[in-house]
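Hello,

Here is the structure for you to look through. My notes follow below it.

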Amino acid sequence: MAAAPDDAILKADGISVRFDTPEGAVIAVDDVSFTVRPGEFLSVIGPSGCGKSTLFNVIGGLLTHHAGVVSVAGETIAGPHQAIGMVFQEESTFPWRNVTDNVAFPLELTGMAKQQRIERARHFIKMVGLDGFEKRYPGELSGGMRQRVSLARTLASEPKILLMDEPFAALDEQTRLLLGDKVLQIQQTLKQTTLLITHNITEAVQMSDRILVMTYRPGKVKRIVDIDLPRPRTSEIVGSEAFGRYVAQIWSDLREEASRGMQDEEQAVLLEDGAS
Amino acid sequence: MTVAAAPARRAPHPYAAPLTGIASLVVFLFAIEAIIRIGWISQFIVPPPSEIAASFGRLVQEEHIVRRFFYTVGECLTAGVMITVCGIAIGVLMHRFRLLQQACETWVAALASAPFVLAYPLFMVIFGRNVWAIIMMGFISGLPPVILKTIEGISGTRRVLVNVGRSFNLTGTQQVWKILFPAALPTIFVGVRLGLVFALINIVGTEFLINYGGLGQLIEDLAERYDLAGTYAAIGFVILVSVVFFMALEKVERWLRPVD
């Protein structure tokens, strides 16, 4: 599906992933195709178990045993690519490095001089609103602050595409909305192409230009919804009527899939009980 | 309605813990002194702590205990550096080559409980009656915990940290030195501490058995003369060696990893 426009910076074409388990083969992702244009914010949303995180790993190059092709600016990728910067769902800061050293990590790998990379790191620390915390260690920061350190570290590598897997999933709703504002602000400042994997409808509508809705297992593209809300956006948009309409529309798409997922889980528990 | 505010919990004074530790030791020694003076424990088995303390001056002047202390510290330091360097390198290799780990980890674990000190005649045959026989005894006995804890620490590194490294295209060597090793450091330090304890026991034990070297030889001499106060004082110096190493290791760990 989805004919690829020529100006696409990221193209996923016919991605399928199958896992062999003791209970048999499980198709996690089935023939998923989409494109992302430069500067675009695309969210992938779906119920638990739809293969969102598998798709994240495929696009990030961490999972290579898949069918189909992922390409960045026309170049097919077969592993982690420097054009793609990843922000993970789990807390991923290095506890042994302070904020500056965490953010400077990708710059250190390039062999940049120490003073230069510290200055560069400070620029991104300021961008995520953590100036004043440069010398602090992750253990001294809140969950939201640590995720901002991870975001700054990824941005410091200056990726063409920012790939995020539910980066705020572990945070409370208020922090999540405020961090959403921060991500939007950064994305709009840097014109950063962003692909967000999420199961949170509000988060997806708040930030995205388009939302790709996935079906429950096997994960397929159910629909791609264009979000025609004005930019620049902030979390205040969640109170608008148009925002509510988009949320309702996506929920109606997701509801059936989420119900299927729930029934599937219940069935699995019953089967497990029967087996034991 | 008035609600009473809960009293804020004050942070303890930085010297509170060490001072409490010293105070506990003093109380313990006073209790032992009292028990011995009362006669519940025979003075011919355990001398009173006051007598042990009084023997320190004699040990310094006549037995050159300070020189012997530094001799044993030197042996432990050499063995400690060897077990750290070799233990971490072997642990990293065993983690890297899964077959090697599966084949050898059980053997290494079994070696950790082996009473190496009983093999001292073999070490004397190989190295002669000299300091290297003692250091090698310490090295061999302290190596297994460092290897095992290095494997455990690296294997326990959170998957997401490894994935961060992969996402930045780290090479295998960079993955080890920039992600796996620092992530495993707290666990590796547990192994180094255990290794040093094993090494110290075996070093002092070998000095005692072959009547050569530092504090172990002195303990043997004093015990032969039935100088109980001196023997216990020398054992106190062995404990001091352990304390010195533990404090130094803690400093190194804090330097390498300031906040967990």
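Start with the interface. The model is predicted. In it, 14 residues of chain B are in contact with 17 residues of chain A. On chain B, helix 7 (159-167) and helix 8 (172-210) each supply at least two residues of the side that touches chain A. Helix 7 of chain B gives the largest share, 6 residues. By class, that side of chain B divides into 8 nonpolar, 3 polar and 3 charged residues.

Next, a helix pair within chain B. The axes of helix 2 (residues 49-62) and helix 10 (residues 228-256) of chain B come within 8 Å and cross at roughly 80°. An angle of 65 to 115 degrees counts as roughly perpendicular, so helix 2 of chain B is roughly perpendicular to helix 10 of chain B. Helix 2 of chain B makes the contact through B:Glu51, B:Ile52, B:Ser55, B:Phe56, B:Arg58 and B:Leu59. From helix 10 of chain B come B:Ala229, B:Gly230, B:Tyr232, B:Ala233, B:Ala234 and B:Gly236. The contact has 7 nonpolar, 3 polar and 2 charged residues.

Last, helix 5 (residues 143-156) of chain A. At 1.5 Å a residue, its 14 residues should span 20 Å, and the end C-alpha atoms are 20 Å apart, which agrees. Is this helix enclosed or open? Helix 5 of chain A is largely enclosed by the rest of the structure, because 11 of its 14 residues are buried. Among them are A:Arg146, A:Arg148 and A:Arg153. The buried residues pack against several elements of chain A, including strand 6 (84-87), helix 4 (114-127) and helix 6 (173-190). After helix 5 of chain A comes A:Glu158, with a positive phi near 45°.

Best wishes

How values were computed: Residues are numbered from 1 along each chain as its sequence is written. Chains are lettered from A and ligands numbered from 1 in the order in which they are written. This is a predicted model: local features need pLDDT of at least 70, side-chain atom pairs count only at pLDDT 80 or more; totals for chains, interfaces and linings use all residues. Helices (H or I, at least four residues) and strands (E, at least two) are DSSP runs, numbered from the N terminus. The expected span of a helix is 1.5 Å times one less than its number of residues. A residue is buried if 20 or more other C-beta atoms lie within 10 Å of its own, exposed if 12 or fewer, and partly exposed in between; C-beta atoms are placed from the backbone. Two residues are in contact if their C-beta atoms, placed from the backbone, lie within 7 Å. Ala, Val, Leu, Ile, Met, Phe, Trp, Tyr, Cys and Pro count as nonpolar, Asp, Glu, Lys and Arg as charged, and the others, Gly among them, as polar. Axes are lines fitted to C-alpha atoms, for helices over the stretch in contact, and angles run from 0 to 180 degrees between N-to-C directions. Angles under 35 degrees count as roughly parallel, over 145 as roughly antiparallel, 65 to 115 as roughly perpendicular and the rest as oblique.
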